[in-house]
Each structure stands twice: as structure tokens, then as C-alpha cells.
Amino acid sequence: MPKDRSITKQVPASERTTCEATCQMLEKARKDGVVIALDRATDMKPCPIGVESACCKHCYMGPCRLNPRDPYKKVGICGATIDTIMARNLGRNVATGSASHNDHGMHILKLFKGIVEKKITDFTIDDTLKLERLAGSLGIDTQDREIYDVAKDLCDELEKTFSNVDGEMPFTRLAPEATLEQWRKGGIVPRGAMKEVMEMMSRTHIGCDQDYNNLIKQISRTALADGWGGSMVATELSDIMFGTPSPILAEVNMGVLKEDHVNVIVHGHEPAMFEGMLAAVNDPFFIQAAKDKGAAGINLVGMCCSGAEMMSRHGVPHAGNFSSTEAVLVTGAVDAMVVDIQCIKQGLAQVASCYDTHLITTSDRAHIEGATHIEFAEEDPRACTDQVLTKAISRFGSRSMPIQIPKQIQKGVQGFTHEYIEYMLGGTFRGSYSPLNENIINGRIRGVAGVVGCTNPKVQQDYVHVELVKELIRNDVLVLQTGCSQIALSKAGFLTPEAGALAGPGLAEVCETVGMPPVLGLGSCVDNTRILIAASAMVRAGGLGNSIADLPVAGCAPEWMSEKALAIGQYFVASGVYTVFGIGFPAIAGTRFHDLLFNGLEQQGYGKWGTGKDPIEIAKLMIAHIDKKRRQLGIDKVRERTLVDMNDRRAIAG
Ligand code: SF4
Ligand code: MSK
């Protein structure tokens with residue numbers, strides 16, 4: 001495998017990350033002569049044309065490069081304008097992101113089907129209540145029927161998510177009526193995911209769809225096929241098979257590694273292999289095998305999104321987000337890192353080899369040069385997991401690397417879901433979103449924000465996530481989180497009820513009454529669909545308008561980097577949500593396509609895009625949008641009164 005060349009530019013490690021543990025490991029990596037992404041990013045100058053999406057390589061007459069500073073001066077050789085080029089590029093990004101989540105969702109459905117047909121016996125149906133509820137919401141008869149018969153019908157219905165070539169995707173029925181009507185009016189109701197992704201790719205071939213106003217429709221439809229399609233299938237069926245999360249205390253950051261244990265990290269996105277590993281590490285045979293080598297036990301830890309999912313569901317400790325996956329290997333304490341799909345940096349292979357760690361790929365869809373491949377099959381999970389554990393235990397027995405584990409560790413409450421929010425605020429016997437809506441209407445809660453997504457080594461790790469959320473809750477905005485953003489805030493201690501003290505007076509009062517944190521973690525990046533369902537439930541509970549676009553809500557991915565993030569952003573925008581991306585956005589300000597994304601879509605009745613770099617600036621954008629929606633709903637005055645009362649009370653107290 002080719003060696004990483006040494007980099008030429010470096011800045012102090014503390015400028016690369018606000019995560020103390022990652023910072024320590026970056027410093028150690030430098031001493032050890034090992035290069036990780038946080039340093040590669042400083043050394044890489046992004047292409048100034050590509051960063052604004054002003055180039056096209058869709059055919060070999062090009063690649064054609066336009067000038068982002070004077071974008072209408074030239075067109076591509078085929079005559080494509082800058083608007084066509086940017087729209088086609090975004091379309092292909094969204095197609096890839098949507099394909100990734102739909103591929104994940106299809107695998108989950110295949111596993112579910114295997115269980116229902118009793119071909120897979122190592123996994124089972126855990127949450128039968130949720131199964132019945134979900135089936136019922138899709139119009140499947142559940143009365144006096146065997147659970148496996150209902151499950152069989154649910155399989156058949158959900159298969160349409162992927163295979164439909166016409167009609168409407170099943171889960172679009174869960175959207176508020178007015179939102180669905182908006183999609184119908186715009187001709188963007190997703191049919192089947194394979195159809196939408198295929199059509200997106202076909203329409204962006206040279207000489208096909210060359211009107212950005214028409215391209216945006218397919219971009220939205222392909223994105224909706226992710227959020228209301230494959231991602232939703234993945235989340236809902238994973239809950240049914242592995243258990244719907246409910247609040248659970250879990251530990252986060254690299255301090256969860258244990259020097260005297262065999263440390264196994266699972267990183268990726270699909271829960272099945274991780275569930276298989278969880279079963280295997282509790283096998284007395286392997287616990288004894290680890291003890292025979294002198295270990296106190298086996299320590300199973302998660303990272304990135306499958307880590308977030310397992311932490312939510314089972315309280316499995318979590319070692320860090322995307323920008324920490326190489327850094328954690330620098331501890332020398334990781335005996336095996338097992339990965340499946342998505343967001344697994346190829347650089348891990350080099351770092352793992354430097355620290356004598358087993359890097360093991362398990363999916364036939366994601367091999368990495370230099371890693372060991374042990375395929376995971378749901379029909380026989382132990383064939384993979386047992387080999388992984390044998391290797392990890394053997395590495396523990398012959399550890400030769402010096403070990404340095406950062407001490408940082410933070411406890412927090414994880415495992416919120418749209419179901420639990422309903423139960424928590426409404427109570428056991430009157431589960432409902434009405435109390436949440438009432439608190440929004442009376443102004444204690446100003447609005448709701450989804451802060452989600454990746455970390456990106458272009459900026460200081462975690463900084464924007466944490467500062468943005470701090471500012472939002474200070475302004476009484478309840479924050480929902482997923483993915484690597486949730487891990488950033490967990491590390492910073494915001495997923496604790498005590499963090500309520502950092503919230504504004506209205507939100508703090510609600511947190512105090514209910515005993516909840518002001519920041520609720522909902523799981524992995526596919527679990528963003530929990531936010532869609534929560535938003536739909538808020539509309540149905542009444543008093544906040546008829547569609548998702550009416551709600552005083554906003555979203556942000558402060559450090560996005562993946563094409564999945566663009567697909568998620570676009571499905572939120574198409575669902576009616578103002579969505580702000582930090583870092584930058586791949587479209588040139590001042591162009592017609594940019595104006596469509598950042599203004600025009602909202603005028604058509606959807607949400608819209610926004611962008612900003614500074615966390616306070618982003619918070620202001622989101623709060624201004626929430627306040628605009630409050631004004632449109634006629635509930636702005638109530639809030640003003642509520643806050644004046646609070647301030648008055650404080651003044652009196654002071
Ligand atoms: Fe250039 Fe047009 Fe070919 Fe794109 S499709 S590379 S703009 S000629
Ligand atoms: S893992 S897509 S870096 S959230 Fe889902 Fe994290 Fe973003 Fe990957």
C-alpha cells in the first residue's frame with residue numbers, strides 16, 4: 001500500500017479541534033510520524049472552481065471550468081450554463097446521498113424479510129407494538145392478526161419504497177396532508193428510490209435536462225425518496241428488530257477505552273453487524289478467552305453513526321465522531337476496528353497499520369485496500385464476529401505498542417425518539433404533541449431546531465456545533481440532534497438535564513418541569529427521519545399551521561461534508577424546513593440557481609437553503625426564521641409577553 005507522504009503545512013493541534021482527547025492524539029500522531037485527516041486538511045488547498053461547483057466533467061469534451069467570479073461570461077463546450085452545471089452537480093450529489101441511504105434501507109428490509117420468512121434466526125422482532133402501529137399507519141389491517149402476518153404485509157408494502165416506478169412512496173402518507181399536496185402540486189412526490197436515483201442520473205447526462213428549474217424538481221424528488229424512503233425504512237425497521245430506543249445514560253469520548261480490556265471499536269452505519277458483535281462479546285467463551293490472555297474483559301465501543309445508533313438503543317459507549325476515527329487508533333489501545341459502510345476514511349488503513357490494530361471490513365460493498373476482509377452475513381453473524389474477536393484477543397495478548405488513552409469521558413442521556421418525545425411531554429395516558437405545541441404557542445419554547453450532520457476537517461472540529469447549539473438553547477430554541485453533531489454536543493456535556501441551566505428562561509422551565517435536557521439526541525444520520533415524523537406530529541397536534549413549512553423550526557448541518565448530508569438537506573428543504581449549511585455551499589451566490597435554492601423554493605411553498613460560517617451568525621439566521629414563522633402564525637406577541645414577564649421577574653429578583 002502506498003505510504004502517506006509527509007505533509008508540508010501544520011498548525012497547532014488545538015486549532016484543529018476543540019475535542020481535548022482528539023487534540024492529544026493529534027499531537028501524539030505527529031510525534032509518532034503518523035499523518036491523519038486533521039493534518040491532511042490543512043495541507044490540502046481545495047480547488048477554487050470545484051468548491052463553488054463551477055466545473056463539469058459529465059462528458060469528455062470537457063472537463064469544462066467556468067469562472068466563479070464571472071460565472072455568466074462563458075458556457076461549457078456543449079453550451080451548458082453555470083446554472084445547468086451547478087444544478088446537475090447538486091443533482092448527482094443528492095443522487096449519491098439518496099442511493100447510500102436507500103441501499104442501507106434496502107439491506108435493513110432484506111434482513112427484516114429474512115426474519116419474517118424465518119430464514120434468519122439470529123435476529124428477531126423486538127418491538128411488536130411499534131410494528132403494529134407502523135403497519136396501521138400505512139393502512140395495513142392489524143386487528144386480531146398474527147404478528148408475523150402483519151410483518152409480511154409490511155414487508156410487501158415497504159418494498160414499494162425501492163421498486164415502485166409509479167405512484168407514491170408508502171411513507172409519504174405519514175406527511176401532513178398539506179405538505180403532501182404541495183409535493184403533488186410541484187410534481188415531486190417520490191415514486192420508488194431506484195426510479196428516482198436512476199432518473200436523476202439519466203437527466204444529468206450530457207444533452208438531457210438543461211433547465212435548472214426543471215432539474216430542481218427531480219433533485220427534490222430524489223432527496224424525498226431518501227428522507228421519506230430508504231432512511232425512514234432503515235430507522236423504523238431497525239427499531240422494530242432491535243428495539244425502539246428510550247432515554248439511557250451512556251458515556252462518550254476516548255476515555256471509554258480501557259487499557260486492561262480487549263478494545264473493539266465498531267464504526268459505520270448498519271446496525272446488524274454491531275448487534276452481532278454485541279451478542280458475541282457477551283459469549284462466556286470469548287470472555288474467558290480474553291481473560292486467558294490477561295485481559296479483564298472485552299470492551300465494545302462505537303464510533304460515528306452506527307455508534308450513535310447503538311448508544312441510543314443499548315447504551316454502548318461511544319469513542320467519538322467522524323474526525324476522531326483515525327485519532328482513536330493513535331491511542332495504541334484499539335485491538336480491532338470493525339467497519340461496514342459509509343464515512344470510513346481510507347486513511348484508517350495506514351493509521352491502523354502504524355499502531356498494529358486490526359482494521360476489518362465486513363461488507364461486500366465496502367472493501368479497503370490494506371484492511372482484512374471478513375464478510376458479515378445476517379444468516380450466520382457468528383462466522384464473522386467470532387473471527388473478529390479471535391483476532392482482537394490475540395492482538396491484546398501480544399500488544400507491543402505503548403498505550404496512551406486520553407482521560408476525557410462524558411456521561412449523557414441518549415436515546416430520544418419521536419415516540420418518546422410524545423410520551424415524555426404528554427404523559428403515559430395522554431401521549432401527545434399538544435404540550436410541546438402549547439409551550440411553543442405560549443412562547444416558553446421559541447421554536448425547534450435540528451442540528452445534525454458531520455464534522456469536517458476544513459474547520460476546527462466540533463466548534464461550530466457546540467457554539468451554535470449553545471446560542472440556540474440560550475434563546476429558548478429546543479434542539480434535536482443526530483449523527484456526528486450529537487456526539488460533539490455529548491462530549492461537551494449538553495445532553496444532560498443539568499444543561500437546562502444554560503437554556504433561556506422559557507426552555508429552562510420546560511426542561512426543569514419535564515426533567516429533560518435542552519438538547520435531545522435522536523441517533524444516527526438515517527434517524528433524521530425521526531425529526532420528519534416529529535414535525536408531522538407537531539402539525540397534526542394543531543395550532544401551528546397546516547404543513548411542515550408553517551412550523552417555527554429550522555435545521556442546520558454546521559460541518560457537513562458528505563453527499564448524504566446534501567440529500568438530507570434537500571429533503572428537509574423540500575419538506576418545508578429552512579436549512580442552513582455551515583462551511584460553505586456548492587453554488588455561486590448571485591446566480592439564478594443559487595437564488596432558486598436560497599429564495600425561490602420558499603416562495604413556491606417549500607423550505608429554503610441558507611449558509612453561514614460563524615455559529616452566532618448561523619444562530620441568528622435560524623432564530624430570525626423561527627420568529628418569522630411565529631409572526632405568520634400570529635403567536636409572536638405571546639412570546640414577547642412571556643419573555644418580558646421573565647425578565648421583569650429576574651429584575652425584581654436581582
Ligand atoms: Fe463540458 Fe458540457 Fe461536457 Fe459538461 S457536459 S463537460 S459542460 S461539454
Ligand atoms: S457518520 S454522514 S460524518 S453525520 Fe453518519 Fe457522521 Fe456525517 Fe458520516
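The model is predicted, so to speak of a local feature requires pLDDT of at least 70 and a side-chain atom pair pLDDT 80 or more, whereas totals for chains, interfaces and linings use all residues. Residues are numbered from 1 along each chain as its sequence is written, chains are lettered from A and ligands numbered from 1 in the order in which they are written, and side-chain values use heavy atoms, without hydrogens and water.

**The domains**

Select residues 76-242, 249-397 and 415-653 in turn; these are domain 1, domain 2 and domain 3 of the protein chain, with bounds from an automatic or database domain assignment. The centres of domain 1 and domain 3, taken over C-alpha atoms, are 24 Å apart. Domain 1 brings 42 residues to their contact and domain 3 brings 36 residues, where contact means heavy atoms within 4.5 Å.

**The interface of domain 1 and domain 3**

Display these two domains together. About 3300 Å² is buried between domain 1 and domain 3, and carbon and sulfur atoms give 64% of this area. Buried area here is the accessible area (1.4 Å probe) that two parts lose on being put together, summed over both.

Polar contacts across the interface of domain 1 and domain 3 involve 16 residue pairs, both residues at pLDDT 80 or more. Such a contact is a pair of N or O atoms within 3.5 Å; within protein, one must be able to donate a hydrogen and the other to accept it, and residues adjacent in sequence count only if both atoms are side-chain atoms. On the side of domain 1 that touches domain 3, helix 4 (82-116), helix 5 (128-137), helix 7 (177-186) and helix 9 (212-242) each give two or more residues. Helix 9 gives the most, 16 residues. Helices (H or I, at least four residues) and strands (E, at least two) are DSSP runs, numbered from the N terminus.

**Salt bridges**

Between domain 1 and domain 3 there are 4 salt bridges, each a side-chain nitrogen of Lys or Arg within 4 Å of a carboxyl oxygen of Asp or Glu. Select Arg530 and Asp239 to see a salt bridge of 2.7 Å, N to O. Next, select Arg592 and Asp83, whose side chains form a salt bridge at 2.9 Å, N to O. Arg592 belongs to helix 22 (residues 592-603) and Asp83 to helix 4, so this pair ties together parts 509 residues apart in sequence.

**Ligand 1**

Centre the view on ligand 1. Its surroundings consist of Cys56, His58, Cys59, Met61, Gly62, Cys64, Gly76, Ile77, Cys78, Arg88 and Ile206, each with a heavy atom within 4 Å of the ligand.

**Single residues**

Select Gly62 again, with Pro63: a cis peptide bond joins them, with omega about 5°. Pro63 sits in the loop between strand 1 (55-56) and strand 2 (64-65).

Move to Asp462, in the loop between strand 10 (447-451) and helix 17 (463-474). Asp462 is not a glycine, yet its phi is positive, about 75°.

Finish at Ile147 in helix 6 (residues 147-163). Beyond its neighbours within four places in sequence, Ile147 contacts Thr128, Leu131 and Glu132. Ile147 and Thr128 are 7.2 Å apart, C-alpha to C-alpha, and 19 residues apart in sequence.
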